Amino acid sequence: MCIDPSLQTLSSILPPLSAEEDDYVQHKIRSAKRAARSELSVSRGEWQRQQYAQSDILSLEGLQDSVPRIHISDLTSERFIELFEAPRQPVVITGLTEAWPAAQQWTPQALLQQFRDHKFKVGSDDDGYAVRLRFEHFLRYCAYPHHAGADDSPMYIFDGTFADRSGSAAMKQQYSVPGLFQEDLFQLAGERRRPPYRWFVMGPARSGTGLHVDPLATSAWNALLAGHKRWALFPPGTPREHILPKEPGLEREAVSWFSKVYPRTQQPDWPTAKPLDLIQQPGETVFVPHGWWHAVLNLDLTIAVTHNYVSSSNFETAWRHTRKGRPKMSAKLLAALRQQRPDLAAIADAVDAQGAAQLSNSSSSSSSSSSSSSGSSSSSSSSSDSEAGDGGSSRQAKRRKAAADGSKDQVGDSAAGADAAVAQKQQQPLQEQHQEQQQEQQQPLQEQQQAQQQLLQQLLQEQRQEQLQEQLQQQLQQQP
Ligand SMILES: O=C(O)CCC(=O)C(=O)O
């Protein structure tokens, strides 16, 4: 069995338990596991059926980190938009979290002191309700060799309400939204109405997030305070059937995706884009542009915060998704945009007018219209992408409750799957995703990225030269 060294540290910060206390904690952990993965029997050892803990799934041998890094001091907002956000180029930004209180306070020990009895979300049950576990019990789960130490795909805190619940609200004072991501247009819809957008994320080795695209065409940033995460990213338009094949036994968990699908991407006959590989280090913030597929595997005990957002750069695409999947929210958003961002309201109006024209064209055309209208992005919000609250059924009530719990699948696009975290952000209506992918395949994305990369190198080189010149000048001035 691979022992994650961070788990040994954990054991030393957790006070020993009496046999009775230990029984109680184990009972709570087993109940959470049963609720979060009802398809796996805890007593029959099905959480460990695949034996991933004994495999080399955490090995990084031969892996080439291929995502550029840039220090925040080398970036302005304008440059970030020009180099990364507008061209949809993933990047790792360093130095963003240094001044956050979280840089000190988000260690297992400090979190234990602050939030010992607070219950964080570790999954969803079969009805979509949050499964919660006390923080101390979660840490004990991580430290038990027969639980997280052995589970194929351990439970993962993925909590979208941490900032709103009294027991954990203090966490939102411990970090701040970096200036680069300040333009957060869904904010205009109001805190109550906007979809869940921020998550506290903590999990042991082999936990993670299966391959998905973030919902509603949002972009994301993910700041890692502790531990290491392995990422694989595929550009927008990568055909789903290659990277997310529907095969029996291939669940949507990160660990099974990295174990079974990732190796195929390295074969000479791999038919589509190769993934960008990335090993995120503590203190690094990953920017995931909208439409990029990504899977994330925790290599040890990780602690992170992630936000999804819409800015001017992805507003048009996000609006196409939102007006369909979230009609009430988008009405509120549009009203606020008219007041505060008439430029974006005009874009929304143009998109809506285009959609209306397409609809009337397809309805007035002949019987072949069903296939063309099926491509209309306004036609088919799946239930997962739609807004809860328009009806009175108990299913809808449950969905409302789940939405209030901040699941990312309630944001829209979850491809579900057993892994609680995978289900969090994903699920885009299939039709819509295919359509978007087809459109995007037509763009020479690789070329754009190459050009971006060159531009970035050039800019960094210029910066280095300027710095060198300054240093030289200083040295010259210091010379007698
Ligand atoms: O597990 C993680 O940290 C990745 C989260 C993620 O992919 C997401 O929030 O979309």
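Hi everyone. A salt bridge here means a side-chain nitrogen of Lys or Arg within 4 Å of a carboxyl oxygen of Asp or Glu. Please keep in mind that we are looking at a predicted model.

With that in hand, let's start with Arg 341 and Asp 343. Their side chains form a salt bridge, at 2.9 Å from N to O. How accessible are the two partners? Arg 341 has a relative accessible area of 22%, so it counts as partly exposed. Asp 343 is partly exposed as well, at 42%.

Take Lys 33 and Asp 151. Their closest N and O atoms are 2.9 Å apart. What does this pair connect? Lys 33 belongs to helix α2, residues 19-36, while Asp 151 sits in the loop between α6 (135-143) and β5 (157-159), so the bridge ties together parts that are 118 residues apart in sequence. And buried or exposed? Both Lys 33 and Asp 151 are buried.

Next up are Arg 264 and Glu 247, whose side chains also meet in a salt bridge, 2.9 Å from N to O. Arg 264 is in helix α8, residues 254-265, and Glu 247 is in the loop between α7 (240-243) and α8, so here the linked parts are 17 residues apart in sequence. As for accessibility, Arg 264 is partly exposed at 30%, and Glu 247 is partly exposed at 34%.

Terms used:
Residues are numbered from 1 along each chain as its sequence is written. This is a predicted model: local features need pLDDT of at least 70, side-chain atom pairs count only at pLDDT 80 or more; totals for chains, interfaces and linings use all residues. Side-chain values use heavy atoms; hydrogens and water are left out. Helices (H or I, at least four residues) and strands (E, at least two) are DSSP runs, numbered from the N terminus. Buried means under 20% relative accessible area, exposed over 50%, partly exposed in between (1.4 Å probe, protein chains only).
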